[in-house]
Amino acid sequence: RRTARSIIFRTSITAVSVLFRGSGEYIAEDGTSYPLQAGSLVQRLPGVPHSTRVDPDGKWLEFFISIGKPFFDSFCSLSVLNREPVLKAELLPGDLERYQKLLQSLKATPDSLLPLRIPEMEKEILRMYGYHAHRVNLQRDPIEAACDMLSQNLDEEISLEELARSLQIGYETFRKVFKKTDRRLSCTVPH
């Protein structure tokens, strides 16, 4: 019989992780418990002791990025981070494969070149946070947001259904907005 594992953290860095599979709980120093499940966005904040209990089913799979205090401070100044330890992320089709490719790419990068990958990791952290519930406050034009998403994922085929789901609007609503948009619409693609 397997029992739950509990890991105690006290760190000087920030780690942001997205849970793809498994379940458990994040337990704050004051005893407050936050359930963890697929789609949880977990913040391990500098100097904030906590523990994580992982259910023993062996299905735990997370992707995380650790950053130092200067990056943490800069993200706080941009109001990207808040003090809630567990937020909700929306996982999109292909995210797990994308993160697996990113991890393999990082492993293949020589140590001397890893600092050049920092902006890419910052972008990934911002992408992770772009999935949580605060999007309601980001009232953006859905076509503009769709263009942004397409330009950031040039190697992936993304259907209208996937775009609508990722923008948290219904497919029919998105289709109608798209249809009303001027036929000369073009998305700016970075070179």
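Glu 124 lies in helix 3, where helices (H or I, at least four residues) and strands (E, at least two) are DSSP runs numbered from the N terminus. This is a predicted model, in which local features need pLDDT of at least 70 and side-chain atom pairs count only at pLDDT 80 or more, while totals for chains, interfaces and linings use all residues. Residues are numbered from 1 along each chain as its sequence is written, and side-chain values use heavy atoms, with hydrogens and water left out.

Me: Is Glu 124 buried or exposed?
Reply: Buried means under 20% relative accessible area, exposed over 50%, and partly exposed in between (1.4 Å probe, protein chains only). The relative accessibility of Glu 124 is 7%. Glu 124 therefore counts as buried.

Me: With which residue does Glu 124 form a salt bridge?
Reply: A salt bridge is a side-chain nitrogen of Lys or Arg within 4 Å of a carboxyl oxygen of Asp or Glu. The closest N and O atoms of the pair formed by Glu 124 are 2.9 Å apart. The partner is Arg 98.

Me: Which residues outside its sequence neighbourhood does Glu 124 contact?
Reply: Contact means heavy atoms within 4.5 Å. Neighbours within four places in sequence are left aside. The residues in contact with Glu 124 are then Ile 65, Arg 98, Tyr 99 and Leu 102.

Me: How many salt bridges are found in the whole structure?
Reply: Side chains of opposite charge can pair when their charged atoms come close. A search of the whole structure gives a total of five.

Me: Which residues are linked in a network of salt bridges?
Reply: Asp 55 is partly exposed, at 22% relative accessible area. Arg 53 is also partly exposed, at 23%. The network consists of Glu 25, Arg 53 and Asp 55.

Me: In what order do the four strands of the open sheet lie?
Reply: Two strands pair if DSSP finds at least two bridges between them. Strand 2 and strand 5 (residues 40–44) pair in the antiparallel sense over four bridges, and Ser 17 stands opposite Val 42 in strand 5. The edge strands, each pairing on one side only, are strand 7 and strand 8 (86–88). The order is 7-2-5-8.

Me: At about what angle does helix 3 run to strand 7?
Reply: Axes are lines fitted to C-alpha atoms, for helices over the stretch in contact, and angles run from 0 to 180 degrees between N-to-C directions. Helix 3 lies across strand 2, strand 5, strand 7 and strand 8. Its angle to strand 7 is about 125 degrees.
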